[in-house]
Amino acid sequence: MTTTPFRDGFAPVTEEITAFDLEVTGRIPAVFNGRFLRNGPNPLSLDDPHASHLFLGEGMVHGVRLRDGRAEWYRNRWVRSADVARRLGEPVRPGPVHAGMDFAPNTHVIGLAGRTFATVEAGALPYELSYELETIGSCDFGGGLPGGFAAHTHADPVTGELHAVAYFFGWDHHQHLVLGPDGTVRQVRDIPIADAPMLHDFALTERYVVLYDLPVTFSMEHAQKGTPLPYAWNEAHGARIGLLPRAGGETRWFDVEPCWVFHTVNAYDDGDEVVVDVIRYPKRFVDARLDAGGAPTLDRWRVDPASGKVSQTRLDDRSQEFPRIDERRTGLPHRYGYTAAARELNDIVSPHDTGLEDLPDEAFDNTLIKHDLVRGTQEARQFGRGAYVGEPVFVPEGEAEDDGYVMTLVNDPDRGAADLVIVSARDFTGEPVATVHLPARVPLGFHGSWIAD
Ligand SMILES: [Fe+2]
């Protein structure tokens with residue numbers, strides 16, 4: 001019997017809500033003039049076959065608009081893929097489709113060129129949303145995308161370019177994409193790669209695009225069996241980190257211990273070496289199961305092109321996810337990183353890791369963590385049971401790396417609704433600067449952005 005992952009923190013909401021003038025505790029700083037948006041899977045029906053997989057629920061974007069110290073609105077909207085539009089009794093928005101893969105992107109939501117995009121990986125296109133989160137339609141950036149796009153992108157804070165790496169089960173390569181700040185595709189490069197591996201995230205440094213070629217690959221066997229997401233741990237594939245020179249030239253590959261990485265904290269060049277901080281799992285997608293393979297740790301790879309070797313160090317052995325940084329440091333040396341440890345995510349992703357060493361300690365349950373990677377210390381801010389704390393998004397205010405705020409959605413089990421909590425990054429465990437009380441529960445989801453106006 002399969003149990004749906006869409007329970008507890010991930011239990012979907014069934015309504016779209018628009019609410020104005022939200023109650024705020026504390027004071028919203030003046031820097032907040034824009035929208036906090038977050039995407040996540042929210043199946044239209046739990047009876048759908050794809051509701052058996054956490055990654056396959058239709059995307060729903062939740063948004064809070066902040067301006068002049070006020071929380072002007074909250075909205076949540078499903079992304080209208082053709083299927084979602086039909087099921088909601090609406091006309092289908094016209095737009096391009098890659099390889100027949102029309103999907104309501106459920107993984108991230110980003111701002112680019114004054115526009116808003118919900119994104120997903122593995123072959124499907126982004127969908128463009130209006131400022132108020134209504135679906136405009138699918139988007140291939142004016143025909144600039146040869147295939148699909150990616151869930152995760154990284155913007156170079158120096159050049160303003162947006163980088164992405166697309167993958168698709170039908171390709172013999174991954175595809176590195178560079179978009180300009182105007183939202184047009186400026187560069188497309190194919191990187192030959194065997195076995196159609198999954199690539200959820202990558203990293204950027206000043207010199208390189210850092211690729212992870214890890215042993216989770218498309219599985220024809222699982223596809224033929226009808227497994228909803230036919231990617232599986234593949235011992236035969238090996239594990240490598242690739243350095244693709246941004247200035248041009250071939251990717252150079254470096255062997256690492258087999259593992260799985262969903263998310264990058266950040267990466268940077270350190271002399272000739274490259275430092276890559278990631279949330280790393282010992283294995284994942286064993287027999288195509290999301291929930292098998294051990295709990296993750298925060299680890300650092302140091303790639304030494306001179307020796308061809310990669311060293312690996314553990315920065316934190318506690319289970320955590322959703323790493324973010326001050327994105328003015330993307331590709332540059334970073335001191336701070338922010339992560340979330342959500343019990344409800346752990347229960348879905350690592351329920352079988354019952355060894356004591358794999359359990360997150362209680363004090364680390366539903367916790368936001370600020371890492372000082374120079375001092376090797378952490379500050380933890382615990383929210384308690386049922387909070388299913390989400391991804392911490394950093395919003396800068398002053399010049400220094402941690403001069404700003406960390407914002408995330410936190411469920412309030414007493415109210416049965418979510419709060420948008422804003423804490424000072426420099427007073428991480430102090431009283432929140434502001435708490436915006438939303439009118440409804442927001443399920444635990446994936447990624448989001450602060451998109452300044
Ligand atoms: Fe992700």
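Modeller: Begin with burial: a residue is buried under 20% relative accessible area, exposed over 50%, and partly exposed in between, using a 1.4 Å probe and protein chains only. Strands (E, at least two residues) and helices (H or I, at least four residues) are DSSP runs, numbered from the N terminus. In strand S15 (residues 208-213), six of the six residues are buried, so the strand is largely enclosed by the rest of the structure.

Biologist: Before we go on, what kind of model is this?

Modeller: This is a predicted model, where local features need pLDDT of at least 70, side-chain atom pairs count only at pLDDT 80 or more, and totals for chains, interfaces and linings use all residues. Residues are numbered from 1 along each chain as its sequence is written, and side-chain values use heavy atoms, with hydrogens and water left out.

Biologist: Which residues of S15 are on one side, and which on the other?

Modeller: Tyr208, Val210 and Tyr212 are on one side, and Val209, Leu211 and Asp213 are on the other.

Biologist: How do I read the pairing of a strand?

Modeller: Two strands pair if DSSP finds at least two bridges between them. S15 runs antiparallel to S14, joined by two bridges, and a hairpin of three residues links S14 to S15. Within that pairing, Leu204 has Val209 in S15 as its bridge partner. S15 also runs antiparallel to strand S18 (residues 240-245), with six bridges between them. There, Val210 has Leu243 as its bridge partner.

Biologist: Which residues of the largest nonpolar core touch the most other members?

Modeller: A nonpolar core is a set of buried Ala, Val, Leu, Ile, Met, Phe, Trp, Tyr and Cys residues joined through side-chain atoms within 4.5 Å. The largest one here has 70 residues, and Val210, Tyr212, Val276 and Trp301 touch the most other members. A second, separate core has 22 residues, including Ile28, Ala434, Leu438 and Val442.

Biologist: What is Tyr212 in contact with?

Modeller: Contact means heavy atoms within 4.5 Å. Leaving aside neighbours within four places in sequence, the contacts of Tyr212 include Leu199, Phe202, Arg240, Val276 and Trp301.

Biologist: Can we take another residue in the same way?

Modeller: Take Val421, which lies in strand S30 (residues 417-424). Val421 counts as buried because its relative accessibility is 6%. Val421 and Met407 are 14 residues apart in sequence, and their C-alpha atoms are 5.5 Å apart in space. Not counting residues up to four places away in sequence, Val421 touches Phe383, Val406, Met407, Thr408, Val410, Pro432, Ala434 and Thr435.

Biologist: Which residues coordinate the iron ion?

Modeller: Donors are N, O and S atoms within 2.8 Å of the metal (3.2 Å for Na, K and Ca); water is not among the atoms, so sites may look incomplete. Here the iron ion is coordinated by the NE2 atoms of His152, His200, His263 and His447, at 2.0 to 2.1 Å. The donor residues are spaced H-x47-H-x62-H-x183-H in sequence. His152 is in the loop between strand S9 (135-138) and strand S10 (153-155), and His200 is in the loop between strand S13 (185-192) and strand S14 (203-204), so the pair ties together parts that are 48 residues apart in sequence.

Biologist: Are His152 and His200 buried or exposed?

Modeller: His152 counts as buried at 7% relative accessibility, and His200 counts as buried at 10%.

Biologist: How is the geometry of such a site judged?

Modeller: Four donors count as tetrahedral if all angles lie between 85 and 135 degrees; four count as square planar and six as octahedral if opposite donors are over 155 degrees apart and all others between 65 and 115; anything else is irregular. The angles among the four donor atoms of the iron ion are 92 to 158°, and the site is irregular.

Biologist: How is strand S11 placed?

Modeller: Strand S11 (residues 162-166) is mostly covered, with five of its five residues buried. S11 pairs with S10 in the antiparallel sense over three bridges, and with strand S12 (residues 173-179) in the antiparallel sense over five bridges. In the second pairing, Val165 stands opposite His176 in S12.
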